[in-house]
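Please look over the sequence and the structure below before reading on. The text after them goes through selected parts one at a time.

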Amino acid sequence: MKLEIRGLTKRFGDFVANDHIDLTIEPGEIHCLLGENGAGKSTLMNMLYGLLDPSEGEVLIDEVPRSFATPGDAIAAGIGMVHQHFMLVPVFTVAENVMLGDESVRGGVFLNRGQATERVRALSQQYGLKVDPEALVEHLPVGVQQRVEIIKALSHNAKVLILDEPTAVLTPQEIEELMQIMRELRDQGTSIIFITHKLREVKAVGDRISVIRRGRVVGTADPSTSEAELAEMMVGRSVKLVVDKEPSTRRDTVLQVEHLTVTDPRGHQVVKDIGFEVRAGEVLGVAGVQGNGQTELVKALIGLIRPDTGVISLDGNDISGHGPRRSLEAGVGYIPEDRSHDGNVGSFSVRENLILDLYRDDRFARGMALRLDDIATNAQERIEEFDIRTESDQTPVSALSGGNQQKVVVAREFSRPLKLLVASQPTRGVDVGSIEFIHRRIIAERDRGTAVVIVSTELDEIYALSDRIAVMYDGRIVGTVTPDIPREQIGLLMAGATDTGEERV
Amino acid sequence: MSSLRMTAGWWASAKVTLAAFAIALLIGAVLIAFSDEDVVETLPNLFTYPGDFFVAAADAIGSSYWAMLKGSLGSWHAIASTLERSAPLICAGLGVTFAFRAGLFNIGAQGQMTIAALIGGYVAFAWQLPAGLHLLCALVACLIGGALWGGVAGVLKAQAGAHEVITTIMLNYVAASVLLYALSKDAFQRPGSDNALSPQPLDTARFPSIGGVHLGVLLALLAAVLVWWVLDRSTLGFELRAVGANPNAARTAGMSTTVVYTVAMVIAGALAGLAAAMNVLGEGNALSPTLVGSIGFDAITVALLGRASPVGTVLAGLLFGAMSVGGVAMQASVGTPKELTAVIQALIVLFVAAPTFVKALMRFKDQGGGTTLLAKGWGA
Amino acid sequence: MTAAAITEEGTVDIRDRADVVRQIRQLVVFAIVAVLTLVFWLSTEDAVIPYRLGEGEDVSTFDGAVALVLCFLLALVALGLAAVNRVPRGWAGTLIYLAVGLAFVLSFLIWSYGDQMTETPTALLNPLPGTVRLSTPLILGAMAGCLCERAGVINLAIEGQMLVGAYFAALAATVVSSATFGLVGGLVAGVALSVLLGFFALRYQMNQVVLGVVLIALATGLTDFLLSQLPRELNEPEILQRIAIPVLSDIPLLGPTLFDQNLLVYLMYVAVAGSTLLLFETRWGLRVRAVGEHPKAADTVGIKVNRLRWQAVLLGGAMAGLGGAYFTVGSTGSFDSNASAGNGFIALAAVIMGRWHPIGATLSACLFGFCFTLQAQLAFLDKIPGELLRASPYLVTLIAVAGFVGRVRPPAADGEPYVKG
């Protein structure tokens with residue numbers, strides 16, 4: 001099946017998200033769509049999948065113009081999509097999720113779960129996608145959930161499969177497996193649109209590459225193009241792929257963690273007897289695939305979760321289990337992994353968010369009364385210093401772009417003296433300009449003598465910032481290494497292989 | 001630039017609100033017309049003499065609404081009644097508003113008022129104290145009673161995660177039972193009587209009256225100013241609003257949702273207690289099973305109409321007070337049933353809370369205005 | 001507080017906090033029951049109680065002395081199990097809770113009906129038929145809640161739907177002179193209020209909790225207004241007659257409880273079975289639940305989210321409307337102001353306690369119905385003030401919601417309007 005996009009345009013009010021995009025997807029090719037966050041890749045795919053109505057332009061399938069008012073139309077036309085945020089019902093089984101919308105029924109009414117299970121088995125065998133059809137989706141690891149998504153699309157007879165940022169949640173090994181699956185699908189005749197902002201993956205698996213920037217296709221390339229060239233096409237200027245920094249001058253130990261064990265609200269032990277230390281003026285990178293206990297480790301560090309056992313001592317004082325306020329007052333700064341969930345109050349103004357954890361400070365409150373003038377002055381200063389692009393300091397923070405929302409969090413956390421900075425996914429979903437800015441500020445904070453813990457699933461980020469790297473797998477630190485170690489080796493650690501072989505119990 | 005924008009938003013919002021009122025009054029007018037005997041008599045001849053129908057309907061609608069207006073604002077006496085009727089609505093509405101801003105939907109003003117009236121009423125009729133001191137004690141007792149009952153819901157929410165909509169509803173019924181039980185005991189009954197009716201509050205515990213309006217009305221307005229200050233200008237309000245809008249971010253920023261939920265419900269309960277004081281110490285009503293009436297529930301609609309802002313709540317409380325006083329006058333003078341006012345009130349709130357509907361109906365261009373109140377489910 | 005031990009191999013053996021909380025909760029509950037059963041046992045001198053199995057039946061007597069001791073011992077055993085943290089999970093644990101609950105109720109009843117010093121002691125009437133009757137509106141309302149909320153629409157307005165259902169059931173039954181036709185009136189009125197719910201919640205994305213409260217206010221105002229307009233002769237409906245189902249109604253105990261009731265009760269059985277089947281075994285149900293959990297996922301496979309929500313809301317309205325009919329044609333006849341008297345709110349609590357499952361909600365509703373029935377009976381005994389007994393169902397709810405249900409997991413998208421894109 002040949003898919004052609006001609007002059008597709010999407011406007012939201014005055015904003016043009018997609019500007020006359022032309023693309024052709026040939027049958028049986030892996031077509032990469034490369035672009036940074038906010039370039040308009042997802043908008044394009046949502047139009048293709050019937051989730052958004054195009055403002056202009058047309059879609060042709062095998063030379064016939066088609067329009068998709070709903071995803072149902074797109075599915076009927078042979079388009080399947082694996083969304084970045086999985087479209088799976090967590091409390092349903094794999095089979096139920098796969099049959100949803102096209103159910104196996106008895107007598108036209110009653111569900112035939114047996115038949116659905118068989119259908120999943122057959123597909124999983126045909127394409128080598130291992131999964132248990134009767135498992136509840138919420139109990140499956142993300143890598144397997146992704147397989148379920150692919151099976152779901154295939155069960156609708158997809159001829160063109162759109163994969164939206166599919167590698168963000170996978171280990172290097174799982175990424176390699178996924179690429180193998182993609183090649184297999186291509187060889188069986190399915191076309192694949194592979195959306196990503198990772199240059200390495202594009203080069204590894206793509207047959208053709210289209211680069212999107214600010215809603216336009218700015219060029220096409222083939223996989224032999226160099227990473228630097230691709231990066232320049234993607235961002236529109238030459239990009240430094242590394243952060244300038246001096247080697248760290250290690251000083252006294254600031255953070256000391258011993259025998260830390262944490263249980264999540266569902267009763268699973270997710271951090272298991274972890275110990276490490278971070279010195280002043282040093283960046284410790286915590287690498288690992290999402291869901292291996294990093295989230296809970298971070299929450300324990302800043303006091304949001306009370307650990308079951310262990311000590312978290314900051315300058316020799318145990319701060320574990322005393323709540324975030326105690327940690328904040330002890331000089332811990334925190335950049336949470338999900339800024340709109342934990343970092344900002346969306347309906348609050350930029351001004352209010354800039355004092356979200358400082359409002360009791362003498363600078364901003366006299367007794368119970370807020371010092372409104374000082375709060376406003378502070379906002380002006382931070383907005384200028386951190387180049388936060390906002391209409392005014394009274395604008396609700398939810399109206400800002402992702403990068404600027406993140407800068408609000410960073411500006412706030414850096415506006416008081418810190419002993420320890422804990423940054424979790426500090427640049428997720430942020431444009432390249434803001435990434436560079438935030439990385440520079442973090443290194444500056446390190447150079448001022450703050451101990452820094454960076455948790456990231458992006459190995460590039462870990463390599464760019466860390467002085468030492470700790471790799472987490474299944475709630476444990478399976479190895480602590482220096483950034484000169486090759487990626488493959490960290491990849492092995494992230495998948496749970498340890499050199500001593502004493503991993504799982 | 002930004003101030004211009006705010007003006008535009010304000011006007012759009014006001015336009016939507018006015019339209020919502022107009023639609024509600026229009027539907028009310030239709031109901032008035034069909035509840036009027038003269039109008040109904042013209043119905044059989046609707047197609048032969050449509051004029052009769054419209055004349056009769058216009059007469060019924062006009063005289064009803066005019067009677068309502070005159071009855072609520074037409075004289076100083078009417079205005080005084082309106083103010084006194086509004087005072088408890090404003091106070092209880094403020095309680096709902098206050099909890100609302102912390103993300104709690106407090107349906108429990110009814111129960112909080114009941115317990116407040118029970119405790120405050122007892123102090124007011126049973127204790128013998130000098131004039132000023134007695135009033136103060138009774139007032140404080142009311143506040144404590146309400147705070148206590150609100151606090152229970154707050155603690156249950158904070159400690160056990162029990163949804164406040166369910167707990168406050170249940171606490172309303174429990175409070176009603178407690179009141180009935182108390183009124184079956186000699187200590188709460190009028191001497192020599194076996195009815196569920198307490199003695200009258202003593203004069204020493206009553207709010208003094210100025211120009212036909214009791215002093216409690218002033219206290220209600222002061223409470224509104226205080227609530228505004230706390231919500232908008234204090235660190236407590238900052239915490240409260242942050243927890244209400246995004247509890248996760250608030251917790252991450254070092255705020256304690258447990259403390260905020262509890263404090264918010266205690267204060268909300270105290271405000272409902274103040275509402276009970278208007279009833280017991282202001283109007284001097286004795287305790288009876290019907291003492292609170294439906295004020296606790298009306299308070300929710302008042303707060304919703306006031307968009308959970310203190311100023312809005314005061315205005316909405318005044319409006320509802322006026323409609324309630326006017327409704328009685330309307331029934332007395334032109335015979336239109338006073339039950340109609342409840343329908344119109346509900347319709348006003350319905351349309352005000354659904355700005356998108358009003359805009360679509362009136363074909364207003366969407367330029368913001370009319371924010372929808374906090375949307376949240378059971379999970380929070 | 002943290003119970004942990006680091007073994008020599010370095011692996012950590014931890015009792016997680018949830019388990020500790022669970023044990024504390026069990027200890028507290030079982031201890032309270034043990035103390036109360038002990039008090040009941042010790043303060044009852046004459047444990048011989050009179051009882052009747054049905055309304056027409058003769059009075060028999062039952063010596064509860066041994067039962068009192070056994071009840072206390074049972075509670076004690078449960079307490080012991082909790083103390084060593086050996087209360088099993090799963091169905092065996094449920095069984096233990098159930099047994100302890102029954103023990104409490106039994107010893108409470110023996111205590112209440114024992115020691116009657118009068119010539120003609122009041123007899124304990126089999127509370128089960130009454131429970132089924134009084135639970136009927138609650139269950140129908142709870143089904144409305146389950147259906148709506150499983151589809152992701154919060155239905156706070158059950159009370160309002162019941163109220164209009166009650167009014168129009170009375171009106172329809174009077175006009176047509178048929179109690180059965182009254183059910184149709186109630187059903188239609190419930191659906192009509194659901195149309196408003198769907199219209200504002202689904203089409204105009206109004207906040208559903210607020211909408212629910214406003215609809216209740218509207219229903220209250222409207223029924224009061226209509227009542228004031230309604231001539232008395234139009235508010236005198238016939239009442240549904242009991243229909244004894246042949247054979248089935250002759251089964252001892254179960255027969256009179258389940259199969260000698262009026263049409264509305266039988267409809268309730270159908271509603272419960274139907275809702276359960278519909279939600280969990282049919283294509284429609286799978287889609288409805290998908291829409292309530294993850295509407296976007298449903299949308300991406302071509303399911304019309306709002307159409308399904310409309311269907312669930314309307315079906316729910318029909319059930320709540322029927323439930324409302326109970327308060328007029330199903331029991332007392334004519335409509336009074338605020339006839340549903342808060343039953344809609346209790347139905348809502350039953351939905352939450354039953355974790356949004358029709359069967360769970362039904363069982364919770366039966367618990368309330370049981371409390372109501374007992375309360376009506378015990379009021380004559382004067383052992384506990386009737387006013388406090390009246391509060392018991394609400395206290396039970398409070399304890400249940402705070403202690404056992406706690407942080408429940410509603411359908412993930414409950415109350416969230418779905419906007420495409």
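This is a predicted model: local features need pLDDT of at least 70, side-chain atom pairs count only at pLDDT 80 or more; totals for chains, interfaces and linings use all residues.

The average pLDDT of chain B is 89, and 93% of its residues score at least 70. In residues 1-7 of chain B the pLDDT stays under 50, and the model has three contacts for them beyond four places in sequence. Residues 368-376 of chain B also have a pLDDT below 50, but this stretch has 21 contacts in the model beyond near neighbours in sequence.

Chain A can be read by its domains. Its domain assignment gives domain 1 (3-235), domain 2 (240-331 + 417-505) and domain 3 (346-415). Between the C-alpha centres of domain 1 and domain 2 of chain A the distance is 33 Å. Where the two touch, 11 residues of domain 1 of chain A are in contact with 11 residues of domain 2 of chain A. On the domain 1 side, the elements giving two or more residues are α6 (172-187) and α8 (227-235) of chain A. That side of domain 1 of chain A consists of six nonpolar, four polar and one charged residues.

Next comes a strand with partners on either side of the discussion. Strand β21 (residues 420-424) of chain A is mostly covered, with five of its five residues buried. Leu420(A), Val422(A) and Ser424(A) point one way from β21(A), while Leu421(A) and Ala423(A) point the other way. With strand β18 (residues 332-335) of chain A, β21(A) pairs in the parallel sense over four bridges. Here Tyr334(A) stands opposite Val422(A). β21(A) also runs parallel to strand β22 (residues 451-455) of chain A, joined by five bridges. The bridge partner of Leu420(A) in β22(A) is Ala451(A). Together, β21(A), helix α15 (residues 432-447) of chain A and β22(A) form a right-handed β-α-β unit.

The last topic is the backbone angle phi. Most residues other than glycine have a negative phi. His20(A) has a positive phi, near 40°, and is not a glycine. His20(A) lies in strand β2 (residues 15-25) of chain A. Is His20(A) buried, exposed or partly exposed? His20(A) counts as partly exposed because it has 14 C-beta neighbours inside 10 Å, and the partly exposed class lies between 12 or fewer for exposed and 20 or more for buried. Asp273(A), also not a glycine, has a positive phi of about 50°. Asp273(A) is found in strand β14 (residues 269-279) of chain A. Asp273(A) has 19 C-beta neighbours inside 10 Å, so Asp273(A) counts as partly exposed.

Definitions and conventions: Residues are numbered from 1 along each chain as its sequence is written. Chains are lettered from A and ligands numbered from 1 in the order in which they are written. pLDDT is the predictor's confidence in each residue, from 0 to 100. Two residues are in contact if their C-beta atoms, placed from the backbone, lie within 7 Å. Domain bounds come from an automatic or database domain assignment. Ala, Val, Leu, Ile, Met, Phe, Trp, Tyr, Cys and Pro count as nonpolar, Asp, Glu, Lys and Arg as charged, and the others, Gly among them, as polar. Two strands pair if DSSP finds at least two bridges between them. A crossover is right-handed if, with the strands pointing away from the viewer, the path from the first strand over the helix to the second runs clockwise.
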